[in-house]
Amino acid sequence: MNIPHLHAAFATLTLGVAITAGAAGPAFDDKFRQLDELLPTPGVTRNAAGAPGHAYWQQRADYKLRVTLDEARRAISGAGTVTYHNNSPDTLSYLWVQLDQNMFRSDSDNRKITTLPSRSAWQARGNDGVKFDALRFTLEAGKFAGGIDIQSVTGSDGRPLPHRINKTMMRIDLPQPLKPGANVSFNVAWQFNIPEMNVLGRRMGFERFKDGNDIYEIAQWFPRMAAYYDAAGWQNAQYLGDGEFTLEFGDYDVAITVPSDHIVAATGELQNAGEVLTSAQRERLQQAKKAGKPVMIVSQAEAQATEKGRASGNRTWRFNAKNVRDFAFASSRKFIWDAQGIKSGKQDVMAMSYYPAEANPLWEKYSTPAVIHTIEQYNKYSFDYPYPVAISVNGPVGGMEYPMLSFNGRRPVKDAKTGALTYSQAAKYGLISVIIHEVGHNYFPMIVNSDERQWTWMDEGTNSFLQFLAEQAWEDNYPARRGEPRDIVDYMRSTNQAPIMTNAESTLQRGANAYAKPATALNILRETVLGRELFDFAFKEYAERWKFKRPTPADFFRTMEDASGTDLDWFWRGWFYTTDAVDISIDGISEYTVSTKDPEIEKAWQRARRAAEPVSVTDQRNQGMPRRVDAHPELKDFYNENDEFTVTNKDRNKFAETTAELEDWEKALLKEGKHLTLVDFSNRGGLVMPLIVELTFKNGTKTIERIPAEVWRYSPKKITKLFVTDEPIIGLTQDPYWETADIDVSNNSWPRKATPSRLELFKTERDPNNLMRDAATPLKSAPTAAPKAAQ
């Protein structure tokens, strides 16, 4: 309300509106200044709206590879041809190739920079498992002969090409500069030893079983073209372990030779089913295309019979994958295999799972349904899944994504009494969640191809947000770990943080910072700042604009603003560029009323208020005291018969003069009898957010007032907000649903609400009149649930 020309009758109201900030203090901190000084200048490749520009370009790399798994040596040997297409406007005299296996060399930077707990922590009791793992890793790394052995690099004419290996990168010098629009092919041969995942592995490796068999999950297994793009040139960050990958799209033709009794799961479509599958298996695959539930292609009994033997020969599986940025595969004679066909828009998709008997009964019940659920849900918020297969594999890797293929952990455990395999509630939901997450990565970053080596949050945070939405659609009260604002509070109030906009290798508390915080931020943006309709439209626009392309953070920020029609620079700045927290406090309440100036009303109200006051101790003790005027009535006059609240003609005349000068709308406002409440808010955490204020009225009703974050634009630390209501306010609560990740809810209410003690909560939980909560769901009496790190 802004009424600068109020008359005297409105003096109190004018005072209330004018109070918007405290006294002069530190220099003004504009939380709403634009991000122009932080974001790159738009251009012809990426425009100001956050979309690919009219001159956007992207490189391409096609691969024809053959690879052999040597089970006896646990080694890989491969060879193939790479065709690189220069779609840029630049002439290139050399190419950079990623050799990620070199991270496993004993002299790699990854090994050299690995640190152990501090000396004091090492000497202290506790964390013995962590210490042992760190020590074991350090010792085993020195024993393993890791790293990729490049045996040859030749041109299409068969002549050797000069090349130089720089740790996890290899430069190939071209005999002739590669001009814009041209392509070049080169041949490469290599080999490496496969690391044992649970000892040295990182995102790939083998797992050994007591029965003498292994499961191989093979990734980062061939020399892959490094990315060259408009915003960064050649991707030149070494592979240290945390920063993942950014790669070029292309077509893959891959021949995988494995022991003849192995089953292979891989990126792409199997091309020679008649050579590697039995007629029964091929028939079951056909049945699975139209089935309403998963069909067993290789049953548990069949897999367990196979794993008891050891074939002497080999068999080659051939796969084709179109327009993917990477290729991975898994191989084992232990694999059970199930499949079910679904529709994704116009695309027929085969959802499949591969797992050992040790993974049942958990995997056969939940894996493929979770794959299908992920595709159905992610399609709603982005685009239709475009590939022909979607695979979940159980092996040693806890969770890692590749195009059409993901490696996922979680298995049952043996019951101590019966010896039967059984799974806990945590294992069940952990499996469903990791499958949603890793299959979901097909969308981000396997299709929306962000640079993971630079910005972990662009794929992990975005994907964790969509995972949260998919989990909510699985069942009511799903025990999600990331997405709810209350679940990030402990991290937000901690001190050992880095901004979300931190390079992947420098990110502190990776699980909380790169997964949970951006996921929570996007959920708050959807639920509290924009609303679902605006957010969903903008997010889907971002996904459509950048599918099969390479967006940067600026492209995401700009697209979300462009498509929602909302300036969100304040939101990106606070949540992504700082470590500020949300802590909005209600500091003071002042109640005002608009005086009608009508003496008949005002003096009656004043008399009633006086009557409601407690009788003073002195007056109580003076009851019955002899009074002179009672003994001498002649001393009484007009003032003894009337009091200060008696309406006089003078009062009536003054009121008539005042109201004669008022306009009609002012007279009407005086008669309404509105209640004015001034509420002082302070921003103690530094991160500005909308005010969500629940008002409780004297008549028992409640209402929610939602005030945009721009309320802080002139005074980001302290503001006073006027609430005009019909009923008196008897209580206020800021953020009543805990939707902003406020780190201190104890200052969110007036009157102050005491946080229930642990004993009170214990009694409440066990009150027979209350329903017991699910044992797996954390008690959320206050936003203190700590986020768990995840990889």
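Q: Leaving aside neighbours within four places in sequence, with which residues is N102 in contact?
A: In this predicted model, N102 belongs to the loop between β3 and α2 (109-112). Once its neighbours within four places in sequence are set aside, the residues in contact with N102 are S108, G147, I148, I165, K167 and T168.

Q: Which backbone nitrogen does the side chain of N102 reach, and at what distance?
A: I148 is among the residues in contact with N102. The side chain of N102 extends to the backbone nitrogen of I148, at 2.9 Å.

Q: Is N102 buried or exposed?
A: The relative accessibility of N102 is 5%. Buried means under 20% relative accessible area, so N102, at 5%, counts as buried.

Q: How many bridges join strand β3 to strand β6?
A: Strand β3 covers residues 92-98 and strand β6 covers residues 169-178, and the two run antiparallel. Within this pairing, L92 stands opposite L178 in β6, while V97 has M170 as its bridge partner. The number of bridges joining β3 to β6 is 6.

Q: Which residue in β6 is the bridge partner of I165?
A: β5 and β6 run antiparallel and are joined by 4 bridges. M170 is the bridge partner of V97. For I165, the bridge partner in β6 is M170.

Q: Which residue in the turn of the hairpin formed by β5 and β6 has a positive phi?
A: The hairpin of β5 and β6 has 2 residues between the strands.

Q: What is the angle between the planes of the aromatic pair Y239 and F245?
A: The structure contains 47 aromatic pairs. Among them is Y239 with F245, a tilted pair at 5.2 Å centre to centre. Both Y239 and F245 are buried. The angle between their planes is 50°.

Q: What is the centre to centre distance of the aromatic pair Y402 and F407?
A: Y402 counts as buried at 1% relative accessibility, and F407 counts as buried at 0%. Their rings form a tilted pair with 55° between the planes. The distance is 5.5 Å centre to centre.

Q: The charged end of which residue sits over the ring of F245?
A: F245 also forms an aromatic pair with Y239. A charged end sits over the ring of F245 at 4.5 Å from its centre, and it belongs to R224.

Q: How far from the centre of the ring of Y229 is the charged end of R550?
A: The charged end of R550 sits over the ring of Y229. The distance from the ring centre is 4.8 Å.

Q: How many of the 20 residues of α8 are buried?
A: Helix α8 comprises residues 362-381 and reaches 28 Å from its first C-alpha to its last, close to the 28 Å expected at 1.5 Å a residue. This helix is mostly covered. Of its 20 residues, the number buried is 15.

Q: What percentage of the residues in the protein chain is buried?
A: The protein chain holds 22 helices and 32 strands. Of its 791 residues, the buried share is 51%.

Technical notes:
Residues numbered from 1 in each chain as written. Predicted model: local features only at pLDDT ≥ 70, side-chain atom pairs only at ≥ 80, totals over all residues. Heavy atoms only, no water. Pairing = 2+ DSSP bridges. Buried < 20%, exposed > 50% of the residue type's maximum accessible area, 1.4 Å probe, protein only. Polar contact = N/O pair within 3.5 Å; in protein donor to acceptor, adjacent residues only side chain to side chain. Contact = heavy atoms within 4.5 Å. Phe/Tyr/Trp six-rings, centres within 6.5 Å; stacked < 30°, edge-to-face > 60°. Lys NZ or Arg CZ within 6 Å of the ring centre and 35° of its normal. Expected span 1.5 Å × (residues − 1).
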